[in-house]
Amino acid sequence: MASERLDVRGEKRIQGLLRAGDPYGEVRDAWYAKESIRDIYQIGDAQLASEFTHRLSGDLQDRSLPPEVNSLGRTIARWATQITNWHHSAVTNGPTEGLNNLIKRIKRAAFGFRNFANYRIRALLYAGKPNWTLLATITPP
C-alpha cells in the first residue's frame, strides 16, 4: 500500500510485519524503493524529475541492496527518459495496460474462442457499457 494511504496504525503494522518476517531487510528495502520511485511523479519540474530519476537509479544499484532492488535500479536507468517524459504530457499507458489485462483474463476464462465475434462480445461485456448500436456495424478484419 502507498505510504500516504497508511494511517498510524497501518504504518505500525507494516513496520511490525517487516521486523518479524523480513530478517535481512530485503522486503523493507524493496518497499522503500517502490515508494521512492512513486516520488518521481510528485515532482512538478521536469528537469528536477529527470535529475531525481537518474540519481535514484544509481542509488538503487548500490551493492548493499538486494539484487531485486539492483535490478529495479537498472530498469529505471534504462527507462529514465520515458519515465520523466510523463512530466511533459502527464499521459500514461495505464488504460491500455488495463484493457490488455482485461482481454487476457477473458481469454483465459473462456479456454479459447473459436468465433471472433463471440470473443469480441464477451470482451465488450466485461469492459462494461458496450454500445450495442455499433455491434452489427463493426466487423473484424
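Leaving aside its neighbours within four places in sequence, asparagine 70 is in contact (heavy atoms within 4.5 Å) with Leu60, Gln61, Asp62, Arg63 and Leu65. This is a predicted model, in which local features need pLDDT of at least 70 and side-chain atom pairs count only at pLDDT 80 or more, whereas totals for chains, interfaces and linings use all residues. Residues are numbered from 1 along each chain as its sequence is written, and side-chain values use heavy atoms, with hydrogens and water left out.

Asparagine 70 lies in helix H4, residues 67-78, where helices (H or I, at least four residues) and strands (E, at least two) are DSSP runs numbered from the N terminus. With a relative accessible area of 8%, asparagine 70 is buried; buried means under 20% relative accessible area, exposed over 50%, and partly exposed in between, with a 1.4 Å probe and protein chains only.

The largest nonpolar core consists of eight residues, namely Ala33, Ile37, Ile40, Leu56, Leu60, Val69, Ile76 and Ile83; such a core is a set of buried Ala, Val, Leu, Ile, Met, Phe, Trp, Tyr and Cys residues joined through side-chain atoms within 4.5 Å. Two or more residues of this core come from each of helix H2 (26-39), helix H3 (46-60) and H4. One of the core residues, isoleucine 76, touches Ile37, Thr53, Ser57 and Ile83 when residues up to four places away in sequence are not counted. In soluble globular proteins, nonpolar side chains tend to be buried together.

Helix H7 has as its buried residues Tyr119, Arg120 and Ala123. Seen down the axis of H7, these fall within an arc of 100°, so they line one face of the helix, the arc being that of the directions from the helix axis to the C-beta atoms. An α-helix has 3.6 residues a turn, so residues three or four places apart point the same way. After H7 comes glycine 128, whose phi is positive, near 90°.

Taken as a whole, the protein has eight helices and zero strands. Its radius of gyration, taken over C-alpha atoms, is 21 Å, while a compact globule of 141 residues would have one near 14 Å, by the rule of 2.2 Å times the number of residues to the power 0.38. The C-alpha atoms fill a box of roughly 60 × 40 × 30 Å along the principal axes, and 26% of the 141 residues count as buried.
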